[in-house]
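Here is a short report on one protein model. Look at the sequence and the fold first, then read on.

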Amino acid sequence: MMNETQKQNPEWEQALQTLAAQKARVMVLGARDVGKTTFAALLANRQLAHGIRTAIVDADVGQSEIGPPTTIGMGLVEVPVPTLHAVVPRGIYFVGSNTPRGRMLETVNGVRAMVAKAQEAGAESVIVDTTGFVTGAAARRLKCAKVEAVRPQFVVAIQRKDELEHILRPMERRNLRLIRLPVPETVMVKSPEMRQQRRVMRFFRYFQDARLHTFALSDIACEGTWFNTGTSLEWNEIHFLQETLRSRVFWAERTTEHLFVITDKVVDERALVIVEETFRVAHVTTAGVHRFVKLLLGLLNAEGDCLAIGILERIDFVNRTITVRTPLRDASGVAILRFGGLNVRPDGKEIGVVKPGEI
Ligand SMILES: Nc1ncnc2c1ncn2[C@@H]1O[C@H](COP(=O)(O)OP(=O)(O)OP(=O)(O)O)[C@@H](O)[C@H]1O
Ligand SMILES: [Mg+2]
């Protein structure tokens, strides 16, 4: 990141001066590589110099600066920071994916929760940095929902041409000030490989000193999955499933309407119809056991606060335990495991994606 003494683009400088003494909620919007994160850091430092207690909410789950990737992080800026990465996380919210696509509810809830947490921590000003997801109707809905959740007094919109206008125009009659800024010429573009590599590094560092914790399934709740949400089947029923699906069945549980089965291979569609009819359920979800291998989890306490993230290392289907690798030292406060949508090795390599509803 450039340093403060470097000459700013005059429009950026003016915006920074306008906002430097404002105790407000500021949301920064823009496509990829337009300088959003840089602007947020510059503004935080300016506000610090004005004696304002400023928090950053890092809502970019892909290129996370505060907290590990897949989370929305929050931290207070208490000393001048060279980059947002230097901000120590005070809270994280586990979205579970490196993109808001398919996880919009979690993204918006996370932003709302982290802004609230910042204010509880005494922040007078909150700067919300966002992802570069700005194209299309889904992006517009997401940004609109974020504005409703944050209720910013200022929206800083950094755009190359007019790519944000479809998001900004609907905001124009809201009680907020829109500040449109150009993209500095010196901005550096990050390739998809660089972004990926950065995530690998961040995950690797996060899990470097992680340890294994084993939880009894009877002691914790599982969120974001069918797993551990129904009633286990009898042995004869499992035997029938194995015969019909022609697959090993590691786990099967049901509710009145739904049957959930963990298998070792992909099962035949026609066999599923037989299973549906036999068990008289409206839906059957089958998931290969490999989908759970190295799955990212959020470790939440009973309040729903995310204490840390973890990697699912093992489910013992017989003894009904789940083993998680996490840097969290004391796991006694963990009440809920929120299942994410990314399989990640402890060395940071992303090895799979799970969509909501697939497990
Ligand atoms: N005003 C500026 N002057 C010079 N360089 C800048 C400026 N703003 C950003 N840069 C450089 O451009 C690069 C991209 O900026 P930045 O990461 O802030 O963009 P972003 O919009 O947050 O990107 P992302 O899509 O990854 O979130 C950075 O390396 C940063 O140092
Ligand atoms: Mg950024």
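In β13, which residue is the bridge partner of His 258? The partner is His 283. This is a predicted model: local features need pLDDT of at least 70, side-chain atom pairs count only at pLDDT 80 or more, and totals for chains, interfaces and linings use all residues. Residues are numbered from 1 along each chain as its sequence is written, while chains are lettered from A and ligands numbered from 1 in the order in which they are written.

**The sheet**

Four strands form an open sheet with mixed pairing, in the order β10-β11-β12-β13. β10 (231-232) and β13 are the edge strands, each with a single partner, so one side of each has no neighbour in the sheet. Strands pair here if DSSP finds at least two bridges between them. Helices (H or I, at least four residues) and strands (E, at least two) are DSSP runs, numbered from the N terminus.

| Strand pair | Sense | Bridges |
|---|---|---|
| β11 (residues 249-254) and β12 | antiparallel | five bridges |
| β12 (residues 258-263) and β13 (residues 283-288) | parallel | six bridges |

From β12 the chain passes through helix α8 (residues 269-279) to β13, a right-handed β-α-β crossover. Right-handed means that, with the strands pointing away from the viewer, the path from the first strand over the helix to the second runs clockwise.

α7 (residues 235-245) lies across β11 and β12, at about 115° to β11. α8 packs on the sheet and touches β11, β12 and β13; its direction makes about 130° with that of β13. Angles run from 0 to 180 degrees between N-to-C directions, with axes fitted to C-alpha atoms, for helices over the stretch in contact. Contact means C-beta atoms, placed from the backbone, within 7 Å.

**The domains**

An automatic or database assignment sets the domain bounds. It gives domain 1 (10-190) and domain 2 (210-359). Their centres, taken over C-alpha atoms, are 34 Å apart. Eleven residues from domain 1 and eleven residues from domain 2 make the contact. On the domain 1 side, strand β4 (residues 91-94) gives the most, with three residues.

**The ligand**

Ligand 1 has 20 residues around it, the closest being Gly 35, Lys 36, Thr 37, Thr 38 and Pro 184. Such a residue has its C-beta atom, placed from the backbone, within 6 Å of the molecule. Helix α2 (residues 36-49) supplies the largest share of this shell, three residues.

Key:
Two residues are in contact if their C-beta atoms, placed from the backbone, lie within 7 Å.
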